[in-house]
Amino acid sequence: MMMPAEELFSPPVELTVFSGPLDLLLHLIRKNEVSIYDIPIFSICDQFNAHLRSMQELDLDVAGEFLWMASWLLHLKSKMLLPTVAEGEEDPRDELVERLLAYRRVKELASFLYDTDTVRRCLWTPTLKTAFETGEEPELDWADVDLRLLAETYLSVMQRFASAHPAPLQVLPLRYNVQQKMQDIYSRVLEDGLVPLLRHLHSRSDPEEIAAVMVATLELVRLRGVFAEQRMAFAEIYLRPGDQQLTSTQMLHEEIPSDT
């Protein structure tokens, strides 16, 4: 059985740390592939508030500027519901668009400066001690500079930096509940008496659901709620009722004593 709709469509847990509410808004705009000049306030506002709820559930500090932005988006959402008085009336989203454009320009410039500084840090500075000791500026003959070697050095530096700074990981929520799968399998075994496990797995196409079914089956076998039998190698695995009568509470919380 799949998770409830409100959990299924909740935003995934993202390890990326947003530097501010405008950074989160730009992320949502890129994720939804919409134009920054025509922001769908209704969906963006809902997704923004969903991210705030996720941050609170993860015990992350939600700064006041995030809450202020959430209230502003709700205000824009309410204004978008009002009928337009005049055709040439100013769009209530204009101020938000201007702030996002200004923030994006600053962010792109900061990223360019950061990359430039990173390249400079990875390059080795030539040591010309004799020239510096005499106070004379070293003169480089640009005719002797090998552009191909310079380009190869630059690419090597960027590759080392990329390998040392991998992309951030993303942890997505599980879409299938192991405890629920345990209850489904246990109920089917009690009802049918004999359940072919491999045939049941082959009827599923989602790898996550197959993994959840396997974990649930192993847990039921450990609790002796069902027994697994296989007559020969690579043959069908049949599940039949075990010698323990399990309740929903036992499958969720309690441990079955090993001596029973």
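The model is predicted, so local features need pLDDT of at least 70 and side-chain atom pairs count only at pLDDT 80 or more, whereas totals for chains, interfaces and linings use all residues. Residues are numbered from 1 along each chain as its sequence is written, and side-chain values use heavy atoms, leaving out hydrogens and water.

**Salt bridges**

- Ten salt bridges are found in the whole structure, each a side-chain nitrogen of Lys or Arg within 4 Å of a carboxyl oxygen of Asp or Glu.
- Lys-77 pairs with Asp-46 at 3.1 Å, N to O. The two residues are 31 apart and link distant parts of the chain, helix α4 and helix α3 respectively (helices are DSSP runs of H or I of at least four residues, strands runs of E of at least two, numbered from the N terminus).
- Asp-46 is partly exposed at 40% relative accessibility.
- Glu-95 and Arg-99 form a salt bridge with their closest N and O atoms 3.1 Å apart. Both residues lie in helix α5, four residues apart, about one turn of the helix. Relative accessibility is 41% for Glu-95 and 35% for Arg-99.
- Arg-240 meets Glu-229 at 2.3 Å, N to O. Arg-240 belongs to strand β5 and Glu-229 to strand β4, so this pair ties together parts that are eleven residues apart in sequence.

**Helix α4**

- The 18 residues of α4 should span 26 Å at 1.5 Å a residue, and the end C-alpha atoms are 26 Å apart, which agrees; the expected span is 1.5 Å times one less than the number of residues.
- Phe-66, Met-69, Ala-70, Trp-72, Leu-73 and Leu-76 are buried in α4. These buried residues line one face of the helix, because they fall within an arc of 165 degrees seen down its axis (taken from directions between the helix axis and the C-beta atoms).
- Gly-64 and Leu-81 are exposed on the face of α4 turned away from its buried side.

**Nonpolar cores**

- The largest nonpolar core has 25 residues; among those with the most contacts inside it are Leu-25, Phe-48, Met-69 and Leu-73. Such a core joins buried Ala, Val, Leu, Ile, Met, Phe, Trp, Tyr and Cys residues through side-chain atoms within 4.5 Å.
- Helices α2, α3, α4 and α5 each supply at least two residues of this core.
- A second, separate core of 15 residues includes Ile-185, Val-189, Val-195 and Leu-201.

Technical notes
Buried < 20%, exposed > 50% of the residue type's maximum accessible area, 1.4 Å probe, protein only.
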